[in-house]
Amino acid sequence: MALAWAELWPILLYFLFTLTLLAGVMLLSSVLGPKNKGHSTDLPYESGILSYGGARVRFGNHFFLYAIFFVIFDMEVLFLFAWAISLKESGWMGFIEALVFILVLLVALVYLWRIGALRVKAEERS
Amino acid sequence: MVALSLLLFLPLILGILAWGAERVRAGSANYMSLAGLGLLLVFFLSLQAESHLKLVWFARFNVYFSLYLDGLAQLMILLTLLLAVLAVLVSWREIRSNRGFFHFNLMFSLSGIIGVFLARDLFLFFLCWEVMLLPMTALILIWGHEGRRYAAFKFFIFTQASSLLMLIAIIGLALAQLSASGQYSFDMQALAKLDLPMASQWWLMLGFFIAFAVKLPCVPLHTWLPDAHTQAPTAGSVLLAGILLKTGAYGFIRILMPLFPEAAQAFSPLAVSLGVFSILYGALMAFSQNDFKRLVAYSSISHMGFILLALFSWHPLALQGAVLTMVAHGISSAALFCIAGMLQQRLHSRELSKMGGLWSSAPKMAALTLVFVMAGIGMPGLANFNGELLSLLGSYKIFPIHAMLAALAIIGSALYGLHLFQRAFQGPANQQVVDLDKRELTFCLLLLLALVYFGLQPQSLLQISEPWLQQLGQIATQVVRP
Amino acid sequence: MNRIELISLLPVLVLASGIMVLMLQTASRRSEHLSRWICLLTLILSLAAQLWHYPDAAQPITRLLAFEPVGAFFGILVLVAGVSVTLIQGPYAAKQREPAEEFYLLLLCSCLGALLLTLASHVGTVILSLELMSLPFLAMMAYNRQRTDALEAAFKYLILSGAASSLLLMGFALLYVTGGTLELAHILPEQPGLLARAGLVLVMAALAFKLSLVPLHIWTADVYQGANLSATLLLTSVSKAAAFALLIKLMLATPPVFARDLYLMLSLMAIASMLLGNWLALLQNSIKRLMAYSAIAHMGYALVAAIVATQSGHRLVVEGAAYYLLAYLIASILIFGILALLSDLGADADKDDIHDVKGLFWQHPWLAVGLSLAFLSLAGMPITVGFIGKFYLLTLAVKSELWWLIAAMLLGSAVGLYYYLRVIFSLYAEGKKGETAVTGNHTSRGWLGLMAAVLLLLGILPGLLGDRLGLLLLSS
């Protein structure tokens, strides 16, 4: 048990610290924060406009798709960047590997383009 | 001797042929099976005893496809084949739906049973032991009577679960051989030479004992039997009572006693007590049944108790008695189940209370039933008498009190036997039934003949099984009785 | 990377290029038929490559992968499962409303992940390939959006699988902190402190999740039931085979100091899985759900091999695990394949209720015989391959004298008999009126027939594979 303590105390301390911090912040904000109880305090705030309808609505997700594409392809550039820096060191082997990598990306792009994932308007997509 | 393996595979091929034949022409499966069994019988009789076959099967664990035909196996296989013929004959008209598949299952289980009697390798033995279970369950499930689902469940789970224990014991034996000689072995002869410490012998023996005791059955493990026997179609009951129960006894003789002589000797007082308890309990329960087949089923438990008693008293006389009882009970109980099946076919009921006075309308059937009942009671001159007499004589020398108690049960068996006969065939006539037709009369008379023949000529059976029993006797003398 | 390494990686390369070909093909012209054949061809070529260049000794390929016999054997299992899913998916999905091509793409991706997992020798590969394997599952589960159960299943799997992955990461991180290496063979330190132990527990928990062992089994039943049959089959075959390969490799490399802890932990998990899995399966009416609980129980049995592996490394361990997984795989393929022949992906639910197959024997005897064989194999009846698998495991357990585990195995098997029999009995019961529709083409039926034949053949002649298994699995 002593051994366990010797090894684990930093983690425990870290946990304790996090907990205290969180609890402290919440406690402080509830103690120090102003509490006004008006008739519209509990209403959801939508830039001054009264809310209407349910919260559960369906919305198109093609912008979300763009975000994902951006993240994916952007991340791939990172790898290429790393390769570009060490171009001479990695030699021909590295070149071939990077080529394969780009080829894979290209195939994926062609696929996405052809299945219509890149079209902006939802109704245009078949 | 590849011919020996044919004995295993021919029934299976025959089953497939019969299934195919039935698809081509309705009703031909009966003839196909009958003719095939006849040929198989001729083939079997042409084989000499003491032949064996050994092929590499599963080299990783040193498992061999090893068959061995000696007198005892010969006897049991002969009984099997004869009862199979009977099963085909008795279900000639009873089975109407899916006859082809029925015959396939019948023959498949036959393969397994013959394999159990022939196997000399424990792995193969276990395989066949399980294989005979499957088609038998199918027979009960598909062609059985009203409570068949429950009965099939119970039958399968009891036997399968208990045989798992046997599997563990088999593996334990093979591993003991591994640590003794550096090589796995499942060969019965090699394992018999293994010198195990008492403690492990005891546990391994128990694994085998439970598996065999469920099959036999012996009392606390018997509850599957009345259900299975009652719900099975007649052919199923015939095979179950005639052969399947004997595989349990055969396992004791062939495996348990030679492999674990010391542990078996140490265990014998308990085993014998269980046997006697089975005898008395079976008789008592049989007396209180109202169902024809259930009554016969409980009487089987009672008779199997004699075998357990005789085997574990390990006296040469008793061992002979056990073998005789195995054969005799195989015939007589099969005969009674045939009668029950024929009655059920005519009356659509097995209730004894609905029968009564059948003698007047079916005198031939009644007379034959009387003989079969008498055989069950153990009337001198019929086969069962010799078996019970030798069992009791032999075991009296070792366990006098147990033998005396067991002898009591002969009175009990007279009670339930006569009770059965009286309620079914005597008294005021409730029902009219058609008497036996030619086919039925033929096989009943054949059964009668067999009972009388073995009753008067038990020596013929004893001679065949002599060598193995002598071997057992020798093992017994080497073990010091505790 | 030299030529030999490239050749050793051939199965993976074939799969990867197959994925690209399939993408290009889908991009140029959609054709369900063509995609299916490309997928099948890729898997078969990969399988052929795997068989052609089978490793006889462990050989590292860079620091990330290792080409070695145990992994290769499980890789074969993975590919066989992939081929099966491809074959049954065609007729099963004939009437679905979704585009069919992407399913094969996802299938190939997850097979690639599983194959890499069997080759992994580095934590990085493990995590990458595990995710590559699991993520396509989600999409495959939720593939048919009209099935609300499927969406639910995918969501459950997504969240819990994500949690399991984070456990795995955290566990490996803790192990790395103490050991300072990310290579699987040395990741367990020789002198463990509590931190390393905690890490090991987390890693085990994640693997237990993938294998659906008892304390982490809760997702199994709902996911199995909700997902379509193809996805369920993948989940029960590909994912389990790959995860088990990883587990057994980890266990074989366990330093002795961990052995006692692991023995206790894994034994408890195994016993609980066997008993609870079988117990909960007793009253299930949905065959998929029943298979889920049965999977829990079977993984509990298979865990026995892993437990023995922590104790002693004798050669029977790997053989037993491999044979058992093979037996389980064949039976699962048969069961899900036959159910897929009876079901239709375009419908709102699969025909997996026990009443749906009632009396099947009298209408489609071959299908019923196949199902019975598969269930008997799962129950461990002789003459099926399941018995030989069970025989191996029992031999292992008896040899290592793990009596508690044996007792649980016996009890579990006895209970298990009941529900397997329940399904089999209902196949032979007097059926309901009317013909049960069966889909399926010759290839899918032929493949299932082949599986049934293998199931019998390996059960009747266990030596065919068993005698060579030692050579196949152990580096010379």
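This is a predicted model: local features need pLDDT of at least 70, side-chain atom pairs count only at pLDDT 80 or more; totals for chains, interfaces and linings use all residues.

Student: Is C:A221 buried or exposed?

Tutor: C:A221 counts as buried, because it has 23 C-beta neighbours inside 10 Å, and the cut-off for being buried is 20 or more.

Student: And how far is C:A221 from C:A281?

Tutor: The C-alpha atoms of C:A221 and C:A281 are separated by 9.6 Å, although the two residues are 60 apart along the chain.

Student: Zooming out, what is chain C made of, in helices and strands?

Tutor: Chain C has 19 helices and two strands. Its radius of gyration is 21 Å, close to the 23 Å that the globule rule gives for 476 residues, so chain C is as compact as a globular protein of that length. Along its principal axes, the C-alpha trace of chain C spans about 65 × 55 × 40 Å.

Student: How much of chain C is buried?

Tutor: Buried residues make up 61% of the 476 residues in chain C. As for its contacts, if you take those in chain C with a separation of 6 or more, residues 24 or more positions apart account for 80% of them.

Student: Can we pick out a helix? What about helix 16 of chain C, how many of its residues are buried?

Tutor: Helix 16 of chain C is mostly covered, with 15 of its 15 residues buried. This helix runs over residues 385-399 and reaches 21 Å from its first C-alpha to its last, close to the 21 Å expected at 1.5 Å a residue.

Student: What follows helix 16 of chain C?

Tutor: Helix 16 of chain C is followed by C:E401, a residue whose phi is positive, near 55°.

Student: What about helix 5 of chain C, how far does that one reach?

Tutor: Helix 5 of chain C, residues 101-119, reaches 28 Å from its first C-alpha to its last, where 27 Å would be expected for its 19 residues at 1.5 Å a residue. Of those 19 residues, 18 are buried, so helix 5 of chain C is largely enclosed by the rest of the structure.

Student: Switching to chain B, what does its secondary structure come to?

Tutor: The secondary structure of chain B comes to 20 helices and two strands. A compact globule with 482 residues would have a radius of gyration near 23 Å, and the 21 Å of chain B agrees with that. Its C-alpha trace spans about 70 × 55 × 40 Å along the principal axes, and 61% of the 482 residues of chain B count as buried.

Student: How do helix 3 and helix 14 of chain B cross?

Tutor: The axes of helix 3 (residues 71-90) and helix 14 (residues 316-347) of chain B come within 11 Å and cross at roughly 5°. That angle makes helix 3 of chain B roughly parallel to helix 14 of chain B, since angles under 35 degrees count as roughly parallel. Among the residues making the contact are B:L75 and B:L79 of helix 3 of chain B, and B:V327 and B:G330 of helix 14 of chain B. By class, the residues of this contact divide into eight nonpolar, two polar and no charged.

Student: Now the chains together. Which pair of chains shares the most contacts?

Tutor: Of the two pairs of chains in contact, chains B and C share the most contacts. Chain A and chain B do not touch, and their nearest C-alpha atoms are 41 Å apart.

Student: And what does chain A give to the side that touches chain C?

Tutor: Helix 1 (2-32) and helix 3 (87-114) of chain A each supply at least two residues of that side. The largest share, seven residues, comes from helix 3 of chain A. The residues of the side of chain A that touches chain C divide into 10 nonpolar, no polar and two charged.

Notes. Residues are numbered from 1 along each chain as its sequence is written. Chains are lettered from A and ligands numbered from 1 in the order in which they are written. Axes are lines fitted to C-alpha atoms, for helices over the stretch in contact, and angles run from 0 to 180 degrees between N-to-C directions. Helices (H or I, at least four residues) and strands (E, at least two) are DSSP runs, numbered from the N terminus. Angles under 35 degrees count as roughly parallel, over 145 as roughly antiparallel, 65 to 115 as roughly perpendicular and the rest as oblique. Two residues are in contact if their C-beta atoms, placed from the backbone, lie within 7 Å. Ala, Val, Leu, Ile, Met, Phe, Trp, Tyr, Cys and Pro count as nonpolar, Asp, Glu, Lys and Arg as charged, and the others, Gly among them, as polar. The radius of gyration is taken over C-alpha atoms; the globule rule is 2.2 Å times the number of residues to the power 0.38. A residue is buried if 20 or more other C-beta atoms lie within 10 Å of its own, exposed if 12 or fewer, and partly exposed in between; C-beta atoms are placed from the backbone. The expected span of a helix is 1.5 Å times one less than its number of residues.
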